[in-house]
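Please read this briefing alongside the sequence and coordinates.

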Amino acid sequence: MADSGQRLILAFDFGTRRIGVAVGNELLNSARELTPLTARDGIPDWNVVTRLVEEWQPDLFVVGLPLNMDGTESAMSTRARKFGNRLHGRYGKPCEMVDERGSTREAKQIAHAAGHRGNYREESVDGIAAVLILEGWFAHQEGLPGGRIAH
């Protein structure tokens with residue numbers, strides 16, 4: 001495993017139909033979106049996830065935790081935690097949960113500014129949301145505002 005500060009990270013924006021994915025490099029504090037995973041009731045094709053893990057060889061997983069606006073857990077946060085636990089269990093890599101409140105709304109604003117026509121079912125913003133989740137994790141590592149680690 002790479003030293004802290006030099007890790008490669010796969011980040012996920014959990015959803016029941018689609019799971020956004022981003023890859024990032026801690027040294028460069030850079031993140032880019034990858035093709036979202038399709039999911040059936042929150043369960044991805046684990047063969048596709050395995051191929052991602054084999055291709056990128058991440059040192060760490062980061063999963064967005066969809067909390068309610070008041071910071072309380074929701075049914076979706078329970079499912080996102082379960083997804084994070086499965087990633088850790090299957091691949092033996094640490095998984096950190098990140099408060100993702102507002103990331104989907106922000107992703108839609110970014111997409112709209114880039115000319116998105118607003119049909120989010122056809123053109124998802126899940127990858128952008130995963131990038132925002134990872135950027136929030138980077139900010140937390142640097143002690144900057146906007147970085148929120150969930151416990």
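Helices (H or I, at least four residues) and strands (E, at least two) are DSSP runs, numbered from the N terminus. The model is predicted.

**Confidence**
- Mean pLDDT for the chain is 82, with 77% of residues at 70 or more.
- Helix α1 (residues 46-56) has the highest confidence, at a mean of 97, and helix α3 (residues 103-113) the lowest, at 64.
- Where pLDDT is low, the predicted coordinates should not be read in detail.

**Sheet**
- Six strands form an open sheet with mixed pairing, in the order β4-β3-β2-β1-β5-β6.
- Its edge strands, β4 (43-44) and β6 (95-99), each pair on one side only.
- Strands β2 (residues 18-25) and β3 (residues 30-40) run antiparallel and are joined by seven bridges; Asn25 stands opposite Ser30 in β3.
- A hairpin of four residues connects β1 to β2, and these two strands pair antiparallel over six bridges.
- On the other pairing of β1, four bridges link it to β5 in the parallel sense.
- Ile9 takes part in both pairings: it stands opposite Gly24 in β2, and its bridge partner in β5 is Leu60.

**Burial of β1**
- Six of the six residues of β1 are buried, so the strand is largely enclosed by the rest of the structure.
- In a regular strand the side chains alternate between the two faces of the sheet.
- Leu8, Leu10 and Phe12 are buried on one side of β1, and Ile9, Ala11 and Asp13 are buried on the other.

**Helices on the sheet**
- Helix α4 (residues 126-141) lies across β1, β2, β3, β5 and β6, at about 40° to β2.
- Of the 16 residues of α4, 13 are buried, and the helix is mostly covered.
- The end C-alpha atoms of α4 are 23 Å apart, which agrees with the 22 Å that its 16 residues should span at 1.5 Å a residue.

**Nonpolar cores**
- The largest nonpolar core has 23 residues, of which Leu10, Phe12, Phe83 and Leu87 touch the most other members.
- Two or more residues of this core come from each of β1, β2, β3, α1, β5 and α2 (75-91).
- Apart from this core lies another, of twelve residues, including Ala22, Val98, Leu134 and Trp137.
- Leu10 has contacts beyond four places in sequence with residues including Val21, Val23, Leu34, Leu52, Trp56 and Val62.

Definitions and conventions: Residues numbered from 1 in each chain as written. Predicted model: local features only at pLDDT ≥ 70, side-chain atom pairs only at ≥ 80, totals over all residues. Heavy atoms only, no water. pLDDT = per-residue confidence, 0-100. Pairing = 2+ DSSP bridges. Contact = heavy atoms within 4.5 Å. Axes fitted to C-alpha atoms, helices over the stretch in contact; angles between N-to-C directions. Core = buried A, V, L, I, M, F, W, Y, C linked by side-chain atoms within 4.5 Å. Buried < 20%, exposed > 50% of the residue type's maximum accessible area, 1.4 Å probe, protein only. Expected span 1.5 Å × (residues − 1).
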